[in-house]
Amino acid sequence: MYEKITPPTTGSKITFADGKPIVPDDPIVPFIRGDGTGVDIWPATERVIDAAVATAYGDRRKIHWFKVYAGDEACELYGTYQYLPEDTLTAIKEYGVAIKGPLTTPIGGGIRSLNVALRQIFDLYACVRPCRYYAGTPSPHKSPDKLDVIVYRENTEDIYLGIEWKEGSPIAEKLIHYLNAELIPATPEHGKKQIPLDSGIGIKPISKKGSQRLVRRAIEHAIRLPKPKNQVTLVHKGNIMKYTEGAFRDWGYELATAEFRADCVTERESWILGNKEKNPDLSVEDNARMVEPGYDALTDEKKAKVCQEVESVLTSIWETHGNGKWKDKVMVNDRIADSIFQQIQTRPDEYSILATMNLNGDYLSDAAAAIVGGLGMGPGANIGDTCAIFEATHGTAPKHAGLDRINPGSVILSGVMMLEYMGWQEAADLIKKGLAAAIVHREVTYDLARLMEPPVDPPLKCSEFASAIIRHFDD
């Protein structure tokens, strides 16, 4: 089955049912060491995870690691341009859950990004990025501790589908002429718009299936959270891109109110119910006036539509969600993308889970990570229905490779996410506790040490930071 690698002789496979992992006590987990600083980060991560599992479960549970290859290290073993060998794909498919360090973007070889390739090959449609603050971590913000969000970013559509044509290419010119001459004039809402002939062309597909399966995972996560963190915010630019970004929002609400009706309430529904609770004699029209800004300036047709919405909510969910019951439900709301960038800085404690399309989520997750200390402390996961890969969110930093100085926090915290995904919460909690205590005690690597007041000198090595985390399990 494998050309150049051999699986462990002991251990069992993780399987999946209905999109959920079924994890044995002795799972085999493939790992990709990673390029550049992966040579330092991965040994530290493996040691911390193994120590946490042993501390939490003794001999009852153990991970059996299976080394597989990708990136530059794969080329050294399999040959030039073999950045993602078939052995690796087979192993990840067979064992279901994997973890990896940072990978180099290939030069040549036909792969734009190994990370993107893995997501697309295994249909890992949910990129999950928690952003929470660990006390003592240097941050450019005054109150980084107020931010504790999880970004659910759609991973397979939008710009990550990567379908585009170069300016001046025959296909780009043909497509532009067709759009300008045939499709745009045939759509009255576009008026006299025309695409410049010297444009590159890319497409931005957003599907109902892709949107709803992402939102479904976000809501399922929110259901497991306590109040007030059981909230899902749909992030979009639907005020401009109505049939892609706006559709993402609409499909998200549709899923929430159909598939999760007993567990969810939308923000507008909460307003309608809350208005009725404050004033039981409130008329439908007065309720509509309170819900819809500028109601009195609307046309009669639009007024009727808002009144119909109010009446429908009161008729359909008053018994199940009224009289304050909605306050215990998962709140689903939406925000415009540019607004949410401001609000995670000015009103961070109002948000919990942010569900978004690919490009918005790419920016948003990095921005949120910067608030709580940067990508060096930012974990990530890519999850599908039959596979999950946990990963570093930063680059390879080759100039630091082999120096035992880089911060391994991103991959270690990705390991925490992996343990939580596997249901091994006790081990995950030990690592979070140990890492938090190490930072509070100023036992940190150089990237954090130089930003602390006063700076820590000397900082810990990468391997020493791992030891500090383990040492603080008992704090």
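Reader: Is Arg129 buried or exposed?
Author: Buried, because its relative accessible area is 6%. Buried means under 20% relative accessible area, exposed means over 50%, and partly exposed is in between, with a 1.4 Å probe and protein chains only.

Reader: Before we go on, what kind of model is this?
Author: This is a predicted model: local features need pLDDT of at least 70, side-chain atom pairs count only at pLDDT 80 or more, and totals for chains, interfaces and linings use all residues. Residues are numbered from 1 along each chain as its sequence is written, and side-chain values use heavy atoms, with hydrogens and water left out.

Reader: Where is Arg129?
Author: In strand 6, residues 126-132. Helices (H or I, at least four residues) and strands (E, at least two) are DSSP runs, numbered from the N terminus.

Reader: And what does Arg129 touch?
Author: Setting aside residues up to four places away in sequence, its contacts include Val149, Ile150, Val151, Asp366 and Thr393. Contact means heavy atoms within 4.5 Å.

Reader: Which residues does UniProt put with it under "binding site"?
Author: The unreviewed entry places that feature at Ser113, Asn115, Arg119, Arg129 and Arg153. UniProt positions are in the numbering used here, feature names are shortened, and annotations may be inferred rather than shown by experiment.

Reader: Take Arg153. Where is it?
Author: Arg153 sits in strand 7, residues 148-154. It is buried, with a relative accessible area of 4%.

Reader: What does Arg153 touch?
Author: Among others, Arg119, Tyr125, Tyr160, Leu214 and Asp362, not counting residues up to four places away in sequence. Arg153 also lies over the face of Tyr160, 4.8 Å from the ring centre. A charge sits over a ring if NZ of Lys or CZ of Arg is within 6 Å of the ring centre and within 35 degrees of the ring normal.

Reader: Which ring does the charged end of Arg405 sit over?
Author: That of Tyr446, 4.0 Å from its centre.

Reader: Where's Tyr446, then?
Author: In helix 15, residues 446-449. Tyr446 counts as buried because its relative accessibility is 16%. Beyond four places in sequence, Tyr446 is in contact with His400, Arg405, Ile406, Pro459 and Leu460.

Reader: What joins the side chains of Tyr446 and His400?
Author: A polar contact of 3.3 Å. That is a pair of N or O atoms within 3.5 Å; within protein, one must be able to donate a hydrogen and the other to accept it, and residues adjacent in sequence count only if both atoms are side-chain atoms.

Reader: What else does UniProt list as "binding site" with Tyr446?
Author: Thr104, Asn407 and Arg450, again from an unreviewed entry. The listed residues are spread over 347 residues of sequence and also spread in space, up to 26.7 Å between C-alpha atoms.

Reader: Where does Asn407 sit?
Author: In the loop between strand 15 (388-392) and helix 13 (409-422). Asn407 counts as buried, at 3% relative accessibility. Its side chain reaches the backbone nitrogen of Gly409 at 2.7 Å.

Reader: Switching to rings. How many aromatic pairs are there?
Author: The structure holds 8. Rings of Phe, Tyr and Trp (its six-membered ring) pair if their centres lie within 6.5 Å; planes under 30 degrees apart count as stacked, over 60 as edge-to-face and the rest as tilted.

Reader: Give me one of the pairs.
Author: Tyr2 and Phe66 are edge-to-face, 5.8 Å centre to centre with 85 degrees between the planes. Tyr2 lies in the segment before strand 1 (15-17) and Phe66 in strand 4 (residues 64-68), so the pair ties together parts that are 64 residues apart in sequence. Tyr2 and Phe66 are both buried.

Reader: Why is the pair of Phe31 and Trp65 edge-to-face?
Author: Because the ring planes are at 85 degrees, with the centres 6.2 Å apart. Phe31 is in strand 3 (residues 28-32) and Trp65 in strand 4, so this pair ties together parts 34 residues apart in sequence.

Reader: Last one. Which side chain does that of His221 make a polar contact with?
Author: That of Tyr152, at 2.7 Å. His221 lies in helix 6 and counts as buried, at 15% relative accessibility.
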